[in-house]
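Please take me through this model one selection at a time, saying at each stop what to pick in the viewer and what is found there.

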Amino acid sequence: MGIFENWLLTIADYTGVAVFAATGVLASARRQMDWVGAIVLAIVTSIGGGTLRDLLTGQLPVFWIRQPLYLWVAVGTALVMLPILHRIRFPERVLVFPDAVGLALFTWLGCEKVALLGFSGIIVALFGVVTGTAGGLIRDVLSAQIPNIMRKGELYAAASIPGAVLYVVLHAFKIQPLWVIPAVCMATVLLLRLAAIRWRWMVPVMVQDSIDAGNDR
Amino acid sequence: MGIFENWLLTIADYTGVAVFAATGVLASARRQMDWVGAIVLAIVTSIGGGTLRDLLTGQLPVFWIRQPLYLWVAVGTALVMLPILHRIRFPERVLVFPDAVGLALFTWLGCEKVALLGFSGIIVALFGVVTGTAGGLIRDVLSAQIPNIMRKGELYAAASIPGAVLYVVLHAFKIQPLWVIPAVCMATVLLLRLAAIRWRWMVPVMVQDSIDAGNDR
Amino acid sequence: MGIFENWLLTIADYTGVAVFAATGVLASARRQMDWVGAIVLAIVTSIGGGTLRDLLTGQLPVFWIRQPLYLWVAVGTALVMLPILHRIRFPERVLVFPDAVGLALFTWLGCEKVALLGFSGIIVALFGVVTGTAGGLIRDVLSAQIPNIMRKGELYAAASIPGAVLYVVLHAFKIQPLWVIPAVCMATVLLLRLAAIRWRWMVPVMVQDSIDAGNDR
């Protein structure tokens, strides 16, 4: 890609971090956390997915140690939002669209980074989804609740999966020009996520509510 | 070991992954998760223990990135079980014996893999137990509950520990022939676990229920 | 530093591990865990922070695999405490001062170890705080509760942060003699933590209790 596209990508990447950090701060507010909790959730929500990807694939030290600007953006977002949130109520809805863009962007970025390492298709697709969703999963674990992506709700991980799979398929066919793959991957995730919110598409829930609750191991 | 034993071992290994994946799917059903949650629990329950072992010992990328068949088996097990579970109730009890076999097998495999890296006895034994039990621990954390292995119940980690310790002791004496160590290690874990279920052997619980609940740091 | 200081440091390090392991055991008692749970909490509380630091910075295998005495101290502390706790009630208060010393010590040790790797200031300070506080955070996650450091309470992570920042600032100016930096860093953390307990200094809590609890992603 040329200089211009690289610039666009870098700006999009940091914007994604800021958006996810903002959702972390809002989540902390709903859970009665203090400022430390808000900053921790801002950090893990925004860089947790990429951190898990780098850990498991062995890209150490993780990306935000090599480039601490990611950390500054996450912490800075929290420090700007916190005093404002003390005064003004902030409807969570405002972040739904930016969050969907972040999901699409991080899914693609995750696929791209792992594909460059030469791993097989299922690993590339998995880490696209992990990069997009694991930050929110860690945020929910630190909030002592079952992660949202695992519970009934509008497609989220399930919007990321088809985008990541398409990435792998198009990549296998070496589709040209270069911008086609990112465009298809991100558009798929974004449109699926937004459509899911609009028409309340849900992943089926298991129905064994009366299952034998015996040995839980 | 010869070709035949290697084949047996490989089949046992993937069978263990499938069994643990199945327990993850059943756990997700009891916790009202959707299909995404079921697949996530299938993955972390079956390969979580080995993943933690590879991370902490620095064997990166982790084993299922080097050999993605593990991931296919875990995801495949979930995808086969989910439509069936939508129709048929499945008594959890069915999995108690396969799960005990999986615990025994993974305890030994964990010891074996870490012993090959040349670490000391306590580390080898610890990672035998981690490989056998940490998948279930991560599954419980993602379910927002205190891990089963840490709460009152029939011996589970406590059945794995003596097997792992025996592995280290026999290994130190270079016991021959080669099949003796795996056999003793796995038989110890399996028999302890099954006896614990049969006669309800429990680990002692702390009794400080009225402890000063002051600063919890 | 000379031989004598190295000895002092080593003794202090293992004492910190024992103190944090003891707080883990007491926490398990309050949560009705069995002995396995107590040993798991003793281990993760005492070596969890350093483990996360080593993982993310790529210092693998982690420190307690390279030097298993840390693990012995953590497990030994639990095994000594457990029979005693079955007989005698133990006021948690007893550990508040040792715990504050451990926080100060681990904050400094974390900064020192990461500074030696040549990372930038924000990374050094962050891992000082992580080394001091992440063990307690993992302990709380395994107890299925929102981590204490993220909830309303006397300064804890917020006592560690200024010490870690001071470490980075003094380090940048190459302050001499060598004992000044550790002394200032640890004294800051210790005094802030003790003052916070004495006068009940708290981090501000977010006030959005009536926030729009819509899409939680």
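Begin by selecting Ala144(A), which in this predicted model is partly exposed, because its relative accessible area of 27% falls between the 20% and 50% limits of that class. Ala144(A) sits in the loop between H6 and H7 of chain A, and its backbone has a positive phi of about 55° although the residue is not a glycine. Most residues other than glycine have a negative phi, and most peptide bonds are trans.

Next, go to chain C and pick Arg200(C), another non-glycine residue with a positive phi, here near 55°.

While chain C is still displayed, select Gln176(C) and Pro177(C), which are joined by a cis peptide bond with omega about -10°. Pro177(C) is placed in the loop that runs between helix H7 (157-172) and helix H8 (180-199) of chain C. Returning to chain A, select Leu60(A) and Pro61(A), where the connecting peptide bond is likewise cis, with omega near -5°; Pro61(A) lies in the loop between H2 and helix H3 (63-66) of chain A.

Now colour chain A by its record. The unreviewed UniProt entry annotates as "transmembrane region" the residues 6-28, 35-52, 64-82, 94-110, 116-142, 154-173 and 179-196 of chain A. Two of these spans can be examined in turn: residues 64-82 of chain A are 89% helix and 0% strand, with end C-alpha atoms 23 Å apart, while residues 94-110 of chain A are 88% helix and 0% strand, with their end C-alpha atoms 25 Å apart.

Finally, show chain A together with chain B and select the residues in contact, of which 37 come from chain A and 50 from chain B. The area buried between the two chains is about 3,800 Å², and carbon and sulfur atoms give 65% of it. Which elements of chain A give two or more residues to the side that touches chain B? They are helix H2 (35-57), helix H6 (121-142) and helix H7 (157-172) of chain A, and H6(A) gives the most, with six residues. Sorted by class, this side of chain A holds 24 nonpolar, seven polar and six charged residues. Between chain A and chain B the count of salt bridges is zero, whereas three residue pairs, both members at pLDDT 80 or more, are found in polar contact across the interface.

Definitions and conventions
Residues numbered from 1 in each chain as written. Chains lettered and ligands numbered in written order. Predicted model: local features only at pLDDT ≥ 70, side-chain atom pairs only at ≥ 80, totals over all residues. Heavy atoms only, no water. Contact = heavy atoms within 4.5 Å. Buried area = accessible area lost by both parts, 1.4 Å probe. Salt bridge = Lys/Arg side-chain N within 4 Å of Asp/Glu carboxyl O. Polar contact = N/O pair within 3.5 Å; in protein donor to acceptor, adjacent residues only side chain to side chain. Helix = DSSP H or I, 4+ residues; strand = E, 2+ residues; numbered from the N terminus. Nonpolar A, V, L, I, M, F, W, Y, C, P; charged D, E, K, R; others polar. UniProt positions renumbered as here; feature names shortened; annotations may be inferred. Buried < 20%, exposed > 50% of the residue type's maximum accessible area, 1.4 Å probe, protein only.
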